[in-house]
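Dear colleague,

I am passing on the structure below, together with some notes on what turned up when I went through it. Please read them alongside the coordinates.

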4 protein chains.
Amino acid sequence: MEAIQTPIILVNFKTYIEATGKKAMLLARKAERVSHETGTCIGLAPQYTDITEITRSVDLPTFAQHVDPIDAGSSTGHILPEAVKQAGAVGTLVNHSERRIRLADIDSVIQRCRKLDLVSVVCTNNTNVSVSTATLEPSFIAIEPPELIGTGVPVSKAKPEIISDTVSRVRKVNPDVNVLCGAGITQGEDVTAALKLGTKGVLVASGVVKTKEPERVLTEFAEAIHTV
Amino acid sequence: MEAIQTPIILVNFKTYIEATGKKAMLLARKAERVSHETGTCIGLAPQYTDITEITRSVDLPTFAQHVDPIDAGSSTGHILPEAVKQAGAVGTLVNHSERRIRLADIDSVIQRCRKLDLVSVVCTNNTNVSVSTATLEPSFIAIEPPELIGTGVPVSKAKPEIISDTVSRVRKVNPDVNVLCGAGITQGEDVTAALKLGTKGVLVASGVVKTKEPERVLTEFAEAIHTV
Amino acid sequence: MEAIQTPIILVNFKTYIEATGKKAMLLARKAERVSHETGTCIGLAPQYTDITEITRSVDLPTFAQHVDPIDAGSSTGHILPEAVKQAGAVGTLVNHSERRIRLADIDSVIQRCRKLDLVSVVCTNNTNVSVSTATLEPSFIAIEPPELIGTGVPVSKAKPEIISDTVSRVRKVNPDVNVLCGAGITQGEDVTAALKLGTKGVLVASGVVKTKEPERVLTEFAEAIHTV
Amino acid sequence: MEAIQTPIILVNFKTYIEATGKKAMLLARKAERVSHETGTCIGLAPQYTDITEITRSVDLPTFAQHVDPIDAGSSTGHILPEAVKQAGAVGTLVNHSERRIRLADIDSVIQRCRKLDLVSVVCTNNTNVSVSTATLEPSFIAIEPPELIGTGVPVSKAKPEIISDTVSRVRKVNPDVNVLCGAGITQGEDVTAALKLGTKGVLVASGVVKTKEPERVLTEFAEAIHTV
């Protein structure tokens with residue numbers, strides 16, 4: 001089940017201490033159980049240092065949180081797409097709000113991912129930027145209005161028209177790009193709402209990682225998917 | 001022998017494809033053999049994704065190539081010092097010429113490293129910047145004149161006075177900081193020259209990683225250390 | 001004639017010493033003479049410190065080389081769009097290859113320019129990025145393949161299909177955006193070729209600024225425009 | 001009186017709309033009146049676009065808010081030290097908390113300033129970084145604890161030991177560097193306190209620019225200087 005299916009719940013581990021090292025592995029195992037029990041695709045985006053270990057032990061598609069637009073060589077301290085691939089990742093987040101990159105680099109990274117058979121999930125902040133990104137043919141676009149990230153107020157409730165507009169305008173430009181939505185998702189009904197607005201899944205972080213019961217929350221999200 | 005001893009040969013894997021994934025592990029094992037056979041401290045600075053695997057399997061002190069000046073939390077795509085520590089690294093390069101950081105961040109990273117018991121190896125480009133860095137009390141300073149990196153022309157030959165000046169001026173400001181030198185080192189005699197100028201070792205990259213016989217080169221470097 | 005007309009010759013002064021301070025003013029006056037004598041629109045993009053003086057004394061549309069995506073406030077050292085406007089500029093370059101910005105910032109800057117009635121000239125490196133940018137509705141797109149900048153090899157000769165493809169694909173996405181082309185333009189025939197490929201003008205720098213006879217070169221460019 | 005004297009009151013105009021364009025000129029004239037009436041050195045750091053006009057019309061030493069560590073050439077959108085000099089500035093802020101730069105660039109900018117006979121005022125965030133900076137021999141160090149900027153709580157009251165420690169440790173490393181202090185200064189007594197702690201003046205921004213009576217506030221600051 002390492003292949004990606006939609007709808008997908010993609011969990012960004014960020015640099016949360018609750019999702020670093022051994023705790024990253026524990027969280028990954030919980031996600032794996034929920035995925036298998038509910039038959040739902042759950043993707044994981046742990047820190048670079050945890051990718052190898054997780055992809056070896058856990059049967060879920062794993063993503064890097066970022067890759068640099070570089071070729072192999074003299075780029076000390078940077079993230080080589082090939083390194084992420086060899087570590088077992090199936091894809092990468094690109095242009096997350098906490099790691100925005102330049103337009104020319106988004107183009108370059110999407111192309112590098114395509115050549116390496118890595119799934120690209122490009123994060124965007126609004127409808128315009130989503131449409132602009134869609135022309136570059138990423139695998140996924142994950143729209144996250146920055147003002148809602150970490151608030152617990154889901155974009156699907158606060159600004160549903162942003163999601164539906166993005167889905168319809170992205171489709172016109174490029175029907176092959178799947179739209180995810182993120183920011184503020186904490187309950188099953190937020191996931192349901194996101195799917196009903198036309199998205200193919202959700203990008204979550206604190207709503208799963210920082211909760212005391214990530215397994216319960218992920219189960220709620222997974223079951224919400226199957227009610228749509 | 002995971003503890004760091006001086007003189008040290010510190011090998012920066014950069015993002016060379018010859019030092020990524022499985023090839024990183026192969027190179028690490030070769031370095032381990034040389035270290036054990038010659039009784040020389042060899043440090044490794046592989047890519048983030050390879051740290052966990054190498055520190056588990058190879059009995060050499062391992063370094064990250066960079067860490068970000070962040071606390072755990074919302075820093076998607078960044079390098080958390082705690083993550084590097086949990087992956088088994090004993091230290092990190094800081095401010096490499098291919099990953100320069102801001103002055104306030106060098107100060108912050110050195111302090112974060114100290115708290116986490118990580119060795120900080122701060123790279124510098126000239127004597128002035130080395131002295132400036134020494135006041136911040138890093139574990140090591142590695143001076144690498146950028147114009148010599150990757151050239152095969154060793155700083156110890158091209159500009160020996162840069163090394164000796166740096167060593168003496170750094171000592172005045174902070175006698176506890178060890179100075180390494182890098183850039184252009186490809187032969188045993190370059191290592192010998194570096195030590196004679198007062199350094200406690202060398203920071204090497206292409207001279208080891210890009211050669212066809214890294215084991216032979218490392219052995220030459222290690223033996224050169226023991227002639228001083 | 002401060003209003004912008006197409007075809008336009010837009011001269012980027014960069015940070016050339018030959019186009020700084022008093023020399024910037026001399027160059028601006030030469031461009032003004034050519035503009036008036038040939039009836040051709042010539043735009044100037046001097047350094048920030050020279051904008052006020054040039055817009056007061058010279059009757060040509062003047063552009064900033066960059067603005068930051070900021071609102072007025074605590075942004076020491078940054079470029080406030082309102083400051084550029086008050087200095088007399090009619091527009092600004094955005095995302096020049098020597099000053100690339102993030103995708104979300106390109107979107108933000110284009111919108112800020114629209115509100116302030118500033119013309120936005122967004123620089124791009126290839127056709128994909130041009131199309132992506134066109135969806136954000138800038139005033140102009142200036143495509144400059146980075147590998148040709150400063151070479152004296154004009155993109156209109158080396159890679160004419162890049163220009164014609166860009167023009168046609170941009171038009172499909174947004175027929176209101178004018179395309180300029182840059183990189184390597186040194187002769188009248190380069191300008192002619194650019195216009196024949198569907199562009200509305202050229203973005204030039206060293207080809208004018210670094211020549212001994214900028215007035216002669218600009219005249220050649222201007223006359224080339226009128227032959228099309 | 002364009003030459004710099006200490007104690008100095010250095011006013012950072014930031015990108016405040018109240019200190020942009022014509023309003024920058026009005027503020028500069030008010031500062032000039034206070035300077036002349038009280039015999040106090042007041043320096044101004046307006047936006048780049050306002051430097052030329054202010055230095056022509058106002059008899060006060062004027063600073064850029066930042067310069068880039070570049071030589072003349074292909075650096076579109078960047079700040080050339082020579083451009084700032086030709087515009088009439090006598091110096092520049094360096095490494096302001098809103099425009100931090102890399103350590104190697106601080107070194108490079110200080111040296112560029114020295115060659116161009118520009119005064120360098122390097123901003124720092126704590127004592128360690130101030131000492132580190134002092135070894136690079138800038139003209140001034142302006143310490144501004146970031147957590148106090150814009151608060152109205154003066155560092156001289158909240159953390160007086162930071163100022164006195166900085167002054168004494170900087171002196172040991174380099175007795176030629178003058179220390180200024182900034183952050184939270186709104187009253188004459190804050191200025192008095194700063195000088196008594198060993199500084200040679202203050203760096204102020206909102207406390208002057210955002211007040212309704214900048215002339216009254218500056219006069220209060222100036223008179224406070226003369227009471228020490």
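In this predicted model, helix 4 of chain A meets helix 5 of chain C through A:Leu103, A:Ala104 and A:Asp107 on the one side and C:Asn128, C:Val129 and C:Ser132 on the other. The residues of this contact divide into three nonpolar, two polar and one charged. The crossing of helix 4 of chain A and helix 5 of chain C is right-handed.

Turning to chains A and B, 34 residues of chain B are in contact with 34 residues of chain A. On the side of chain B that touches chain A, helix 2 (48–57) and helix 3 (81–86) each supply at least two residues, and helix 2 of chain B gives the most, with five residues. The residues on that side of chain B comprise eleven nonpolar, 18 polar and five charged.

Chain B is superposed on chain A, with an RMSD of 0.0 Å, by a rotation of 180° with 0.0 Å of shift along its axis, and the two copies are thus related as by a two-fold rotation axis. Within chain B, the C-alpha nearest the axis belongs to B:Thr49, 2.4 Å from it. Both copies use the same surface, since 100% of the contact residues of chain B recur in chain A.

With best regards

Methods:
Residues numbered from 1 in each chain as written. Chains lettered and ligands numbered in written order. Predicted model: local features only at pLDDT ≥ 70, side-chain atom pairs only at ≥ 80, totals over all residues. Contact = placed C-beta atoms within 7 Å. Helix = DSSP H or I, 4+ residues; strand = E, 2+ residues; numbered from the N terminus. Nonpolar A, V, L, I, M, F, W, Y, C, P; charged D, E, K, R; others polar. Left-handed = near helix turned anticlockwise from the far one by under 90°. Least-squares fit on C-alpha atoms with pLDDT ≥ 70 in both.
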